[in-house]
2 protein chains.
Amino acid sequence: VKLRIESLAIGDELLDGRVADKNTQDLGDALSALGLELQGARTVPDERPTIVAALHEASLRADIVVTSGGLGPTTDDITAECVAAAAGVELRFDEASFERIRAMFASRGIPMPESNRRQAMLPGSSRTLENQAGTAPGFVTPLGAGEVWSFPGVPREYRQLLEDHLLPRIRERLAGGAPQVLVRRTLRSLGLAESAVGERLHALTKENPDVRVQYRAAFPEILVRLIVEGVDRDACEARAEALLAVARAAVGDSVYGVGDDPLEVRVLRALEAKGQTLVTAESCTGGLVAKRLTDVAGSSAVVLGGIVSYANAVKEAFLGVTPAVLGAHGAVSEEVARTMAEGARAKMGATWAVAITGIAGPGGGSADKPVGLVWFAVAGPEGTTAVKKKLPDFGRERVREMAAAAALRLVLERATAGGAT
Amino acid sequence: VKLRIESLAIGDELLDGRVADKNTQDLGDALSALGLELQGARTVPDERPTIVAALHEASLRADIVVTSGGLGPTTDDITAECVAAAAGVELRFDEASFERIRAMFASRGIPMPESNRRQAMLPGSSRTLENQAGTAPGFVTPLGAGEVWSFPGVPREYRQLLEDHLLPRIRERLAGGAPQVLVRRTLRSLGLAESAVGERLHALTKENPDVRVQYRAAFPEILVRLIVEGVDRDACEARAEALLAVARAAVGDSVYGVGDDPLEVRVLRALEAKGQTLVTAESCTGGLVAKRLTDVAGSSAVVLGGIVSYANAVKEAFLGVTPAVLGAHGAVSEEVARTMAEGARAKMGATWAVAITGIAGPGGGSADKPVGLVWFAVAGPEGTTAVKKKLPDFGRERVREMAAAAALRLVLERATAGGAT
């Protein structure tokens, strides 16, 4: 079964710069995880003739058209009436949806504005899709030889309806063709460009033309997804594991793990499992490492705190970096990185400390110490490791992101290896 | 002159979830600043018949079609040949572009791969658009009654070509109709929802139907853009200023400034102008305030450093928060916020210190101290101000963002007012 699927995003705010369309990417990502492709996407303003024409055109090309947006309570929310017009049916009042909307307002103790009644007016031939995440119900309406699936534009609600209703239906239809198993593995790498990762997986890709190899750049990380399809789950799982091992070896040292957890979550889990704690001492990253770690709910079980030591006086006062060391080696040096890490660890009483000192740019670089030069140190129970990196100068923001990721990775390696070097 | 403009984004990576299309939003934003609307947008995969058909369809609807992507050196980059096919012309070899590409490689000391020659093959009837930001030239090709403008997909390059070539051309065409002046003013607010800001500007919008009032949510901030069009620059400027004053009064206390600079840049500029310095003491924001400040190049002239004091032991060791105060008032309290700010200011020797202690969630809340409760304190030369806020619980990430923005705003207000309360 080859399903042709298109996205149709509806809303002036997507065309005048106010809002970026996140839903098309989410849909594409979810479909590609099922081994399918989104064959096209279109964005149209809140104009009835344009929307109706776009629905007709898309339905000629696709089996499934997924609309997003235009399901709100205001008069410029006209998706339901446009779908009804395209399908040649009247609107119907959906009692059950209306009751859900009313109950949602009641539970918040707010009187329901009359305008929300609009959200329960759905195309006559549609089937209602319950929305667990908001007031507007979704709906699916037959159009031509295919179907139009209409979801709210709010990304959280869109994703919920996608996962609750459309993806199960697509899996069902795929299974109707041939009983199909789909096994995914994700490899996570840091330190190589996407093209370099791709080159290293060239042989694997060539020798396994039936396996999908997808790349996703989550700067500065490159994620590689291997998708194995077949009829027997055990065989697919075994093949996916074998290919993962091959891919891991091919990509080499830049691989730091497999699966869906990002770097900061891995660090927190690894340390929490051992009852260990972590502190940060950041110069050029200016709080970014602490921010990434504390983005994660529950991080306070591991992260005790951190120091942002931009000025040398702060390095001296809090981290025990002496003017003599600063004078002899400069702030961006192995000695300062080591002292920062050891000082932070001792003063805050943590199991581990990670220190970063470098030149993020755009100013401050020299021939000797160019923009992108960063010293890292990790201090732990068995001593301190220091590492120097020359990160490419892709601009201040990206240098900082690369440095933060490299720091987290160093902690992960030290904390999971346990030994000092 | 009413210009009809459409966007056509080209690339498999935009449809399989790998990359979000940022260019369409940038284009829409730039056009709406000129008082124009992007009338539609479409995304197609790297497939020749689909691209050619999409070019034909778009050129029937629009005067200007802007394509993005598919100008790279690899074989799946086929925009130039598709535009040529749609226009019914052959490709031409653009010597000048080729020389620019070769020179760019030479300046980096890298031999130019033969494949880059492809990037100099442009539609025969096209005019070349110099790309100041990368190797691929852009080009503009007549198609039907309109034009196709082809830009690279890399957002930085796309924006550069947009600004260097297309926007000047559009301004020229608009001026050809009636000599037109366009004056913009931006109001920046923090603390109100977009709908609430909109309500407060309802009267202004109604009384000035010829003025464009645009909203942009840059969470947690709401930016309002007023666009006045006319023929006389002085009159437009005067009217824009008058409307800005009306809007400022209507939106009220939530306005923190006008213009394009974000909060952290305003803080840094205000302090740098006075030769003053700033440090942070962050609990629930976990480094986010320091990160936002140090995102800005040159921030080291103002920011000396910061403390992330997640654990109470760190609050005690570095900030002088005593166990007695913690025991009597709890970590989220006015006393602790004040002590954190004063401790950070004294220990790091800064003019100003800002402290944040609160409950970001999802755990840690109580009836007494719910998720979203945050105490802020700003310590300065004339004393310490503390403020309590109950931020809405929109999830951990958003609570942290709101808290960081509120902290920056407090510093801005204190530092520009100068007095203590």
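**Close-up views of a predicted two-chain model**

Figure 1. Glu237(A) is joined to Arg233(A) by a salt bridge, with 3.5 Å between the closest N and O atoms. Helix α8 of chain A, residues 233-251, contains both residues. Their spacing is 4 residues, about one turn of the helix. Relative accessibility is 27% for Glu237(A), so this residue counts as partly exposed. For Arg233(A) the value is 43%, which again counts as partly exposed.

**Figure 2. A salt bridge between a loop and a helix of chain B.** Glu130(B) forms a salt bridge with Arg100(B), and the closest N and O atoms lie 3.8 Å apart. Glu130(B) is in the loop between β6 and β7 (138-143) of chain B, whereas Arg100(B) is in helix α4 (residues 95-107) of chain B, so the pair ties together parts that are 30 residues apart in sequence. Glu130(B) counts as partly exposed at 39% relative accessibility. Arg100(B) counts as partly exposed at 29%.

**Figure 3. A salt-bridge network with residues from chains A and B.** Glu6(A), Arg61(A), Arg42(B) and Glu57(B) are linked by salt bridges into a network. Side chains of opposite charge can pair when their charged atoms come close. Over all chains, the count of salt bridges comes to 50.

**Figure 4. An open sheet of 12 strands with members from chains A and B.** The strand order is β6(A)-β7(A)-β8(A)-β3(A)-β1(A)-β2(A)-β2(B)-β1(B)-β3(B)-β8(B)-β7(B)-β6(B), and the pairing is mixed. At the edges stand β6 (127-129) of chain A and β6 (127-129) of chain B; each has a single partner strand, so one side of each is left without a neighbour in the sheet. From one strand to the next, the twist averages 20°.

**Figure 5. The β7-β8 pair of chain A.** Strand β7 of chain A spans residues 138-143 and strand β8 of chain A spans residues 146-151. The two strands pair in the antiparallel sense over 5 bridges. Leu143(A) stands opposite Gly146(A), which is in β8(A).

**Figure 6. Helix α2 of chain A across the sheet strands.** Helix α2 of chain A (residues 48-61) lies across β1 (5-10), β2 (38-44), β3 (64-68), β7 and β8 of chain A. This helix also lies across β2 (38-44) of chain B. Relative to β2(A), α2(A) runs at about 175°.

**Figure 7. Packing of helices α2 and α3 in chain A.** Helix α3 of chain A (residues 79-87) packs with α2(A) at an angle of about 55°, and the axes are 9 Å apart. That angle makes α2(A) oblique to α3(A). The crossing of α2(A) and α3(A) is right-handed. On the α2(A) side, the contact involves Arg48(A), Ile51(A), Val52(A), Leu55(A) and His56(A). These residues meet Glu81(A), Cys82(A), Val83(A), Ala85(A) and Ala86(A) in α3(A).

Notes
Residues numbered from 1 in each chain as written. Chains lettered and ligands numbered in written order. Predicted model: local features only at pLDDT ≥ 70, side-chain atom pairs only at ≥ 80, totals over all residues. Heavy atoms only, no water. Pairing = 2+ DSSP bridges. Axes fitted to C-alpha atoms, helices over the stretch in contact; angles between N-to-C directions. Contact = heavy atoms within 4.5 Å. Salt bridge = Lys/Arg side-chain N within 4 Å of Asp/Glu carboxyl O. Buried < 20%, exposed > 50% of the residue type's maximum accessible area, 1.4 Å probe, protein only. Parallel < 35°, antiparallel > 145°, perpendicular 65-115°, else oblique. Left-handed = near helix turned anticlockwise from the far one by under 90°.
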